[in-house]
Amino acid sequence: MSFFSDRLSHVFYFESARKPMHRKRINLIGLLAALLACWSLAGAAQNVLMTDLVGTPIGRLPCMNRGDARLVPLAMLAKSAGFTVEAVRGKEHVTSPSCLTIFEIGNGFAEVNESFVQLSSSVESWDGSLWLPLANLDELFPTTVELSEGGDIIRLLGIADSSGGPVTLLENEEPAKQRGVWQFGKVILDAGHGGKDPGGRGPDGMVEKDVVLDIVRRAEQSLTALGIPVVLTRRSDQFLTLGQRTRLANAEAGDLFVSVHCNSYEDPTIGGAECYILKPARSERAVAVAAKENQVVELERDAEQYEALTEENFILLSMATSQYLNDSERWSDILLKKLTSEARLKNRGVDQAGFYVLMGASMPAILLECGYMTNPDDLLVLGTERGRQRIADAIADSIVEMKTEMEAAAR
Ligand SMILES: [Zn+2]
């Protein structure tokens with residue numbers, strides 16, 4: 001194991017139940033002092049006044065001091081402003097007009113419509129609610145919350161009058177996702193490896209980079225015939241960094257991203273197809289696969305960019321993509337079933353690990369290992385044009401099914 005893969009194991013192999021290392025413990029004494037201060041100053045400076053659009057007071061939010069920052073309870077703010085709050089896999093998703101804001105306890109960043117906002121204090125949990133830094137409220141809920149200069153008045157722009165009626169959209173505002181209007185755009189197909197990075201090797205000079213390029217080009221043809229727009233990250237024997245692949249996917253605004261690979265292993269009895277999604281690994285085997293697929297960064301000129309991938313950054317990065325995990329998992333299931341029925345590859349299931357190529361993709365993203373070049377049964381599929389066509393068709397069919405599901409869910 002190289003130094004690099006050693007470090008990868010350290011980064012990606014940690015218990016999913018383990019709490020984030022950077023989570024700040026709430027100092028009970030400090031908190032009690034802050035609450036006492038809140039209580040004793042009730043109605044005075046420690047509370048924040050909320051007003052409607054025209055400035056009529058509609059209520060007050062309690063405040064808690066954390067260092068230099070003042071925190072306010074999300075639940076009370078959401079109730080007054082009419083936001084929807086939903087817990088999704090350990091994160092709080094807050095939907096306000098024209099905005100989806102995502103928080104995580106202990107995190108000093110929040111995600112606002114897919115970009116990050118650095119908070120003046122990390123998000124805390126207390127008394128059944130998350131507490132958010134007051135100073136960042138207008139960045140966290142743009143077009144809905146306006147903060148006075150001293151930070152003592154919160155103007156709720158969505159509340160048209162002091163009767164506290166339902167939130168109405170302001171002029172020229174549109175919901176982030178117009179329900180029923182969303183339509184599937186395009187799919188990004190990524191043939192793994194390429195150029196100076198051959199990937200794994202099979203018998204008779206078979207190399208992974210060629211096999212997967214052929215499969216991806218066939219899938220492109222099948223999808224184009226079905227009227228689904230496709231973008232390939234590479235269409236020749238070309239070297240691409242892992243980051244370039246995801247950046248291209250985002251720049252093309254893809255709706256699905258699949259990185260296609262095939263596996264190799266010392267034990268020839270191991271065979272079948274596997275899908276991976278981006279989440280901390282739960283097994284040594286998944287760690288080993290990720291280490292192998294990530295190894296290419298050693299060939300990249302600016303490998304240092306990955307140095308910063310600490311556990312904390314991983315949590316942050318996966319937070320940015322967590323909203324797509326359900327779809328990624330669902331797609332993996334569909335694809336593996338199709339590979340079993342159409343290409344006769346054994347279904348080895350969906351697993352999770354820290355694959356660089358999936359990081360930062362703003363769409364459901366999966367990594368497919370479509371068989372082992374070291375397994376005799378899989379070689380009958382991977383080593384023949386007909387077999388590779390079947391794999392390509394299974395990929396295309398899974399995308400058609402996902403398109404239908406995603407469009408139905410948007411309605
Ligand atoms: Zn590979």
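The model is predicted: local features need pLDDT of at least 70, side-chain atom pairs count only at pLDDT 80 or more, and totals for chains, interfaces and linings use all residues. Residues are numbered from 1 along each chain as its sequence is written. The chain has eleven helices and 19 strands; helices (H or I, at least four residues) and strands (E, at least two) are DSSP runs, numbered from the N terminus.

**Overall figures**

- Of the 411 residues of the chain, 41% count as buried. Buried means that 20 or more other C-beta atoms lie within 10 Å of the residue's own, exposed means 12 or fewer, and partly exposed is in between, with C-beta atoms placed from the backbone.
- Among contacts in the chain with a separation of 6 or more, 71% join residues 24 or more positions apart. A contact requires C-beta atoms, placed from the backbone, within 7 Å.

**The five-strand sheet**

- This sheet is open, with antiparallel pairing and the order S5-S6-S7-S8-S9. Strands count as paired if DSSP finds at least two bridges between them.
- Strand S5 (84–88) and S9 are the edges; each has a single partner strand, so one side of each lacks a neighbour in the sheet.
- The twist from one strand to the next averages 25 degrees. Angles run from 0 to 180 degrees between N-to-C directions, and axes are lines fitted to C-alpha atoms, for helices over the stretch in contact.
- Strand S6 (residues 91–96) pairs with strand S7 (residues 99–103) in the antiparallel sense over five bridges. Glu92 has Phe103 in S7 as its bridge partner.
- H3 packs on this sheet and touches S5 and S6. The direction of H3 makes about 20 degrees with that of S6.
- Strand S8 (residues 109–112) and strand S9 (residues 115–118) are antiparallel, with four bridges. Val117 in S9 is the bridge partner of Ala110.
- S8 and S9 form a hairpin with two residues between them.

**The four-strand sheet**

- This open sheet has mixed pairing and the order S2-S1-S13-S12.
- Its edge strands are S2 (57–61) and S12 (145–147), each pairing on one side only.
- Neighbouring strands are turned by 25 degrees against each other on average, direction ignored.
- S12 and strand S13 (residues 153–156) run antiparallel, joined by three bridges. Val145 stands opposite Leu156 in S13.
- Helix H3 (residues 74–81) packs on this sheet too, touching strand S1 (48–51), S2 and S13. The direction of H3 makes about 170 degrees with that of S2.

**Helix H3**

- Leu74, Leu77, Ser80 and Ala81 are the buried residues of H3.
- Seen down the axis of H3, these residues fall within an arc of 135 degrees, so they line one face of the helix. The arc is that of the directions from the helix axis to the C-beta atoms.
- Gly82 follows H3 and has a positive phi, near 80 degrees.

**The H9–H11 pair**

- Helix H9 (residues 325–343) and helix H11 (residues 385–410) pack at an angle of about 140 degrees. Their axes are 8 Å apart.
- Residues of H9 that meet H11 include Trp331, Ile334 and Leu335. On the H11 side, Arg390, Ile391 and Met402 are among them.
- The contact of H9 with H11 has ten nonpolar, two polar and seven charged residues. Ala, Val, Leu, Ile, Met, Phe, Trp, Tyr, Cys and Pro count as nonpolar, Asp, Glu, Lys and Arg as charged, and the others, Gly among them, as polar.

**Positive phi outside glycine**

- Asn113 is not a glycine, yet has a positive phi of about 45 degrees. Asn113 sits in the loop between S8 and S9. Asn113 counts as exposed, with 12 C-beta neighbours inside 10 Å.
- Arg344 has a positive phi near 60 degrees. Arg344 is found in the loop between H9 and strand S18 (347–353). With 14 C-beta neighbours inside 10 Å, Arg344 counts as partly exposed.

**Tyr276**

- Tyr276 lies in strand S17 (residues 273–278). Tyr276 is buried, with 27 other C-beta atoms within 10 Å.
- Val350 is 74 residues from Tyr276 in sequence, but 5.7 Å away in space, C-alpha to C-alpha.
- Not counting residues up to four places away in sequence, Tyr276 touches residues including Ala286, Val289, Asp351 and Phe355.

Technical notes. Two residues are in contact if their C-beta atoms, placed from the backbone, lie within 7 Å.
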